[in-house]
Amino acid sequence: MMKTSLMQQLKLGNDYVKLWPERAELARYFSQYQAVVACRFTKRYCLPLALVVMFVPIMSFGSEYLNSSSVYALFIASLPVQALLFMAKQSKQTLPPSLENWYKQGVERIQQHGEGTPQVKFKVVKPSFMDLAKLLDYSYKTMKH
């Protein structure tokens, strides 16, 4: 198996998170969507929170809190990286049989609509969670619900 660099994994995780449509109803059908929402949250709020955790104790109580506040801030700042690595790992996993059947039915529906050939190539053999995200993204952007 080919090893991927840390930066490639972070990019893959970020691409996976970006592909999922921001639709609240997806949480009812896909447990993975909760992880995507959590990842988006960490990307948006953890770095500013880390800065607050770093500087508020130092500004309020002095430099003797530098060590402990640095450790907490570093941990909080690392959460988006951890979340993206988790998303990269999840994106490569093959779909379980129930989701795989649902995915294949969705691909068939898109092909039957006859809107020409979609720009996105949908994998039919051993689809992954990344393929599921591509299908959902494509269907929400192009099809009328």
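The axes of α1 and α6 come within 8 Å and cross at roughly 35°. Axes here are lines fitted to C-alpha atoms, for helices over the stretch in contact, and angles run from 0 to 180 degrees between N-to-C directions. Helices (H or I, at least four residues) are DSSP runs, numbered from the N terminus. α1 passes α6 in a left-handed crossing, meaning that the near helix is turned anticlockwise from the far one by less than a right angle. From α1, the contact (heavy atoms within 4.5 Å) draws on Leu 12, Tyr 16 and Leu 19. From α6 come Phe 129, Met 130, Ala 133, Lys 134 and Asp 137. These residues divide into six nonpolar, no polar and two charged. Nonpolar covers Ala, Val, Leu, Ile, Met, Phe, Trp, Tyr, Cys and Pro; charged covers Asp, Glu, Lys and Arg; the others, Gly among them, are polar.

The model is predicted: local features need pLDDT of at least 70, side-chain atom pairs count only at pLDDT 80 or more, and totals for chains, interfaces and linings use all residues. Residues are numbered from 1 along each chain as its sequence is written, and side-chain values use heavy atoms, with hydrogens and water left out.

α6 (residues 129–142) also packs with α5 (residues 97–112). Their axes come within 11 Å and cross at roughly 40°. This crossing, too, is left-handed. α5 contributes Leu 99, Trp 102, Tyr 103, Gly 106, Val 107 and Ile 110. α6 answers with Phe 129, Asp 131, Leu 132, Leu 135, Leu 136 and Tyr 138. The tally is 10 nonpolar, one polar and one charged.

Now the domains. The chain is divided into domain 1 (1–93) and domain 2 (94–144), with bounds from an automatic or database domain assignment. Their centres, taken over C-alpha atoms, are 28 Å apart. Together the domains bury about 1200 Å², 74% of it on carbon and sulfur atoms. Buried area is the accessible area (1.4 Å probe) that two parts lose on being put together, summed over both. In domain 1, Leu 19, Phe 30 and Gln 93 lose the most area to domain 2, together 44% of what that side buries.

The structure holds four salt bridges. One joins Lys 11 and Asp 15, with the closest N and O atoms 2.9 Å apart. Lys 11 and Asp 15 lie four residues apart in α1 (residues 6–19), so about one helical turn separates them.

Methods
Helices (H or I, at least four residues) and strands (E, at least two) are DSSP runs, numbered from the N terminus. A salt bridge is a side-chain nitrogen of Lys or Arg within 4 Å of a carboxyl oxygen of Asp or Glu.
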